[in-house]
Amino acid sequence: MNVLGLLLAGGRWRCFPVPLESSLFQTLRNSCCRKKTTAPKKIIPHVDFSDENTKESGKALDKLFSSEQQASILHVLNTASNKELEAFKLLRGRKSINIVEHREKFGPFQNLESLMNVPLFRYKTTLKVCKSILSPETGGKKKKLPENQLLRKLIKPEVGRERLKAVNSIVSIVSGTRRIAWAHLDRKLAVLDWQQNECCRLMKGTYPSSVYLEEISSVISKMPKADFYVLEKTGPSIQNSSLFPVLLHFHIVEAMLYALLNKTFAQDGQHQVLSMNRNAVGKHFELMIGDTRTSGKEIVKQLLSESVLKEEPRVFFPPDKIVRYRQLFSSTEQYRAEELYDSLLQAVAFYELAVFNTES
């Protein structure tokens, strides 16, 4: 009896017959089909080394820097303001806020190891931060991007950084073919309102303008007031003619939201409604697989759990509303409600990328 073997020849894999009695086949057979040992297995008791590893990492961290270097790093961590900490690239955004809040609550950092108790800091992150404080110019001078170039790619129309820095709250809005969802978050990333509204009539019939006005006006009447209203900028490719009705629907909804929410635009010329790049939000939460964005349901579920289990969660759900929001999430798990999940993630990404991030 022969079996098929594989041989690389001329850059291609080719099959060839191999006799069962051949030494090659016996070698392969012996390596794959070893006899099971009858010796009793040693039972090794489970030991949790997580705490020990953390302590050892902290001790190793202190050994990497001289006493003078440690003193310099600790001086910065214990005296620098939030804005001064953001001068270091690795401390921009939430990390600098966490350092100041931890310092105010527990007092000054006594050693480098104690920095690992701050949310978002692990051994590798802490090590990089310490090195960047000692040598902020290490790595050579990078070519400066034109002012607000990253911000222009993230949100449109263009808005001044001063206005973004002064934001107290935003409403993040994501619309689909059947529903519109929104999340109202303040600058502390506290969720003040989070819900969705069914709009089943919009994709039926011949898209009468009066129905759009009635549906969108009804939704807007339920939304809270905010400094900015952030819309998800998305839509299928216009090259696919079969999706033209869906694309038209998205554009109509977006245009009506711009018109109805920008109430003071005629007087002051200031945009209150912005469109945010959908893929940028996906990349921020690592939801992209190539050009395709996956569901954000698990990320939202994690944020809800952390709000209960962690003392300083990434997103804060007020205690008097957490039960309601968890019930809302549970009721949507049985079917796809991506608009609801995406509205929350878009709001968080807007703050972390456009408001807190001084690099954009």
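Student: Leaving aside neighbours within four places in sequence, which residues is Gln-70 in contact with?

Tutor: Asp-62, Phe-65 and Leu-112. Contact means heavy atoms within 4.5 Å. A word on the source: this is a predicted model, where local features need pLDDT of at least 70, side-chain atom pairs count only at pLDDT 80 or more, and totals for chains, interfaces and linings use all residues. Residues are numbered from 1 along each chain as its sequence is written, and side-chain values use heavy atoms, with hydrogens and water left out.

Student: Why does Gln-70 count as buried?

Tutor: Buried means under 20% relative accessible area, exposed over 50%, and partly exposed in between (1.4 Å probe, protein chains only). Gln-70 has 18% relative accessibility, so it counts as buried. Gln-70 lies in helix H3, residues 67-79. Helices (H or I, at least four residues) and strands (E, at least two) are DSSP runs, numbered from the N terminus.

Student: What separates the C-alpha atoms of Gln-70 and Asn-111?

Tutor: A distance of 7.5 Å, though the two are 41 residues apart along the chain.

Student: What makes Gln-196 buried?

Tutor: The cut-off again: Gln-196 has 18% relative accessibility, so it counts as buried. Gln-196 sits in strand S6. Beyond its neighbours within four places in sequence, its contacts include Arg-179, Trp-182, Thr-332 and Tyr-335.

Student: Which residues of H14 are buried, and why are they said to line one face?

Tutor: They are Ile-322, Tyr-325, Phe-329 and Thr-332. Seen down the axis of H14, they fall within an arc of 100°, so they line one face of the helix. The arc is that of the directions from the helix axis to the C-beta atoms. The buried residues pack against S6, H13 and H15. On the other side of H14, Asp-320, Val-323 and Gln-327 are exposed.

Student: What makes a set of residues a nonpolar core?

Tutor: It is a set of buried Ala, Val, Leu, Ile, Met, Phe, Trp, Tyr and Cys residues joined through side-chain atoms within 4.5 Å. The largest one here has 42 residues; among those touching the most other members are Trp-194 and Phe-317. H15 gives the largest share, 12 residues.
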